[in-house]
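User: Got a model I'd like to go through with you. Can we look at how some of its helices sit?

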Amino acid sequence: MTKTENQKLEEKQNQYIQKLRDEIEPLRQQLITHKVYKNISSIDDLKIFLEHHVFAVWDFMSLLKALQNELTCVQVPWVPKGNPLTRRLINEIVLAEETDQDEDGNAKSHFELYIEAMKDCEADILKINYLIKLLREWKSVRTALSQIDIASSIKEFVSFSFDVIETKQAHKIATVFTFGREDLIPDMFTSILRDMKNENAENAESIKKLIYYFDRHIELDGDHHSHMAIQMIKELCGDNETKWNEAITISKLALQKRIDLWDGILAEIENGKHL
């Protein structure tokens, strides 16, 4: 392929990416301006948010590992698999997400960072821990979800992610991973956390790890990882119009599931305030 052909392909891919962004922008705006953020006015409200959102943090890691499974060789004996560029992209993201550092420099996955932050806030981690316990007993994700008393919005959110994972179609998994991720949590949320931190010394200590988690996650996703994930989608979709249209459709579904999750959190917070 000549340089000119490469340039034409890149231009076409950029047009597809822009079309995708334009199509999903109304849903993104719904998420960024969602009422749930303004309704988090106390530590108790924050706990409700964390107890729902932790399932999204966990299934984000599952989407990540599904991509690694599809794009790299994770079997023995090793053989080359797929495109070297996409292998490099996904392995770099896995390195940071699965073995990042906490504020003391200790290796931790982002899920483990989140659980530690929940503990400091005294949020309930029993349900997410029970999910992990059931999965370690080789229960299926859907069987495990059916045995946990959590909101239907959480179950539907996680089930959708695993519906996508089970397609084993890397372009679909990569799209949900990229456009349904944690950088959708706006700066407003971290501002709310900092306001809580400044209210009193007890809040400052209890949410210190949580602020670190969001700062770290948004920093990585909003810059380096976001760029790599977009490049990965370009590599996986190429100039295949069918794949690009599927990417648009599944992005919209992923964002709607996130809106539904946020709606579930908001409903529980509001119900608590009316008691």
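Analyst: A term to start with: buried means under 20% relative accessible area. Also, this is a predicted model.

User: Fine. Which residues of α4 are buried, then?
Analyst: In α4, His110, Phe111, Leu113, Tyr114, Ile115, Ala117, Met118 and Cys121 are buried.

User: How far apart are the end C-alpha atoms of α4?
Analyst: They are 17 Å apart. The helix has twelve residues, 110-121, so at 1.5 Å a residue it should span 16 Å, which agrees.

User: What follows α4?
Analyst: Glutamate 122. Its phi is positive, near 60°.

User: Switching to α2. At what angle does α2 pack with α7?
Analyst: About 5°, with the axes 10 Å apart. Angles under 35 degrees count as roughly parallel, so α2 is roughly parallel to α7.

User: Which residues make the contact?
Analyst: From α2 (residues 43-71), they include Phe55, Trp58 and Leu63. From α7 (residues 152-167), Phe157, Phe162 and Ile165 are among them.

User: How does that contact split by class?
Analyst: Ten nonpolar, three polar and two charged residues.

User: Left-handed or right-handed crossing?
Analyst: α2 passes α3 in a left-handed crossing.

User: What meets what there?
Analyst: Among the α2 residues are Phe60, Met61, Leu64 and Lys65. They are part of a set meeting α3 residues that include Arg87, Ile90, Val94 and Glu97. By class, the α2 contact with α3 has eight nonpolar, three polar and four charged residues.

Methods: Residues numbered from 1 in each chain as written. Predicted model: local features only at pLDDT ≥ 70, side-chain atom pairs only at ≥ 80, totals over all residues. Heavy atoms only, no water. Axes fitted to C-alpha atoms, helices over the stretch in contact; angles between N-to-C directions. Helix = DSSP H or I, 4+ residues; strand = E, 2+ residues; numbered from the N terminus. Parallel < 35°, antiparallel > 145°, perpendicular 65-115°, else oblique. Contact = heavy atoms within 4.5 Å. Nonpolar A, V, L, I, M, F, W, Y, C, P; charged D, E, K, R; others polar. Left-handed = near helix turned anticlockwise from the far one by under 90°. Expected span 1.5 Å × (residues − 1). Buried < 20%, exposed > 50% of the residue type's maximum accessible area, 1.4 Å probe, protein only.
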